[in-house]
Amino acid sequence: MKFAIQQGSVSNISNDELQALLDKKVTLIDIRLPEEWQQTGIVADSHRITLFQKDGSVTPDFLAKVQKVAAPDKPVALICRTGNRTRAGAEMLAQVGYKQVYNVTHGITGWIKADKPVVRQ
């Protein structure tokens, strides 16, 4: 008898929902490039782990770095500039066994537009 591999779920969330998760100490990972972190700042207490390199390829040690800050059985949220890259990243984490992954749909730009605080680098 074969069993299907248990895949996690991905939920798209708003900035308000992200704030509620942060209040519960959910791990937030900012997957943008270092120069993007410098341009806009980051959400306080987020982990900076680049997913896609400038050439569009996946950063080779992305998953290993994520595993150091977020256990697969704990919720994790991903944020990028506008929510496009995090959609791919969230699916990737769910496929490797992360049970609950949150995609911040409007990214850091939406966070800033909503007058939410950022930490400058």
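## Ground rules

Residues are numbered from 1 along each chain as its sequence is written, and side-chain values use heavy atoms, with hydrogens and water left out. Because the model is predicted, local features need pLDDT of at least 70 and side-chain atom pairs count only at pLDDT 80 or more, while totals for chains, interfaces and linings use all residues.

## The sheet

Let us start with the strands. Five of them form an open sheet in the order E1-E5-E4-E2-E3, with parallel pairing. Strand E1 (9–13) and strand E3 (47–48) stand at the edges with a single partner strand each, so one side of each has no neighbour in the sheet. Helices (H or I, at least four residues) and strands (E, at least two) are DSSP runs, numbered from the N terminus; two strands pair if DSSP finds at least two bridges between them.

The pairings can be followed across the sheet. E1 and E5 are parallel and share five bridges, with Ser11 having Tyr102 as its bridge partner in E5. E5 and E4 also run parallel, joined by three bridges; here Ala77 stands opposite Tyr102, and Leu78 has Asn103 as its bridge partner. Four bridges link E4 to E2, again in the parallel sense, and Ile29 stands opposite Leu78 in E4.

How are the two faces of E4 covered? Val76 and Leu78 on one side, and Ala77 and Ile79 on the other, are all buried. Buried means under 20% relative accessible area, exposed over 50%, and partly exposed in between (1.4 Å probe, protein chains only). In a regular strand the side chains alternate between the two faces of the sheet.

Leaving aside residues up to four places away in sequence, Ile79 touches a set of residues including Leu18, Leu28, Val43, Thr86, Val104 and Ile108; contact means heavy atoms within 4.5 Å. The C-alpha atoms of Ile79 and Thr109 are separated by 9.9 Å, and the two residues are 30 apart along the chain.

Strand E5 (residues 100–104) is mostly covered too, with four of its five residues buried. Asn103 belongs to this strand and counts as buried at 1% relative accessibility. Among the residues that Asn103 touches, not counting those up to four places away in sequence, are Ser11, Asn12, Leu78, Arg87 and Ala90.

In soluble globular proteins, nonpolar side chains tend to be buried together. A nonpolar core is a set of buried Ala, Val, Leu, Ile, Met, Phe, Trp, Tyr and Cys residues joined through side-chain atoms within 4.5 Å. Which residues touch the most other members of the largest nonpolar core? They are Val66 and Leu93, in a core of 15 residues. Helix H3 (62–69), strand E4 (76–79) and helix H4 (84–95) are the elements that give two or more residues to this core.

Not counting residues up to four places away in sequence, Leu93 touches Phe62, Leu63, Val66, Val76, Leu78, Tyr98 and Val101. Another core lies apart from the largest one and has 13 residues, including Leu22, Leu28, Val104 and Ile108.

## The largest pocket

The largest pocket holds about 220 Å³ of space. Of its 13 lining residues, Leu22, Val26, Ala44, Asp45 and Ser46 are the closest to its centre. Helix H1 (15–23) and strand E2 (27–30) are the elements that give two or more residues to the lining, which divides into seven nonpolar, four polar and two charged residues.

Some terms need spelling out. On a 1 Å grid over the protein atoms alone, a pocket is an open set of points where a 1.4 Å probe fits, with protein on both sides within 12 Å along at least five of seven lines; lining residues have an atom within 4 Å of a point. Grid points are joined across faces, edges and corners, and a volume is the space filled by probe spheres set on the points. Ala, Val, Leu, Ile, Met, Phe, Trp, Tyr, Cys and Pro count as nonpolar, Asp, Glu, Lys and Arg as charged, and the others, Gly among them, as polar.

## Two positive phi angles

Asp45 lies in the loop between helix H2 (34–40) and E3. Its phi is near 70°, a positive value in a residue other than glycine, and Asp45 counts as exposed at 73% relative accessibility.

Asp115 sits in the segment after helix H5 (107–113). The phi of Asp115 is near 60°, also positive in a residue other than glycine, and Asp115 is exposed, with a relative accessible area of 72%.
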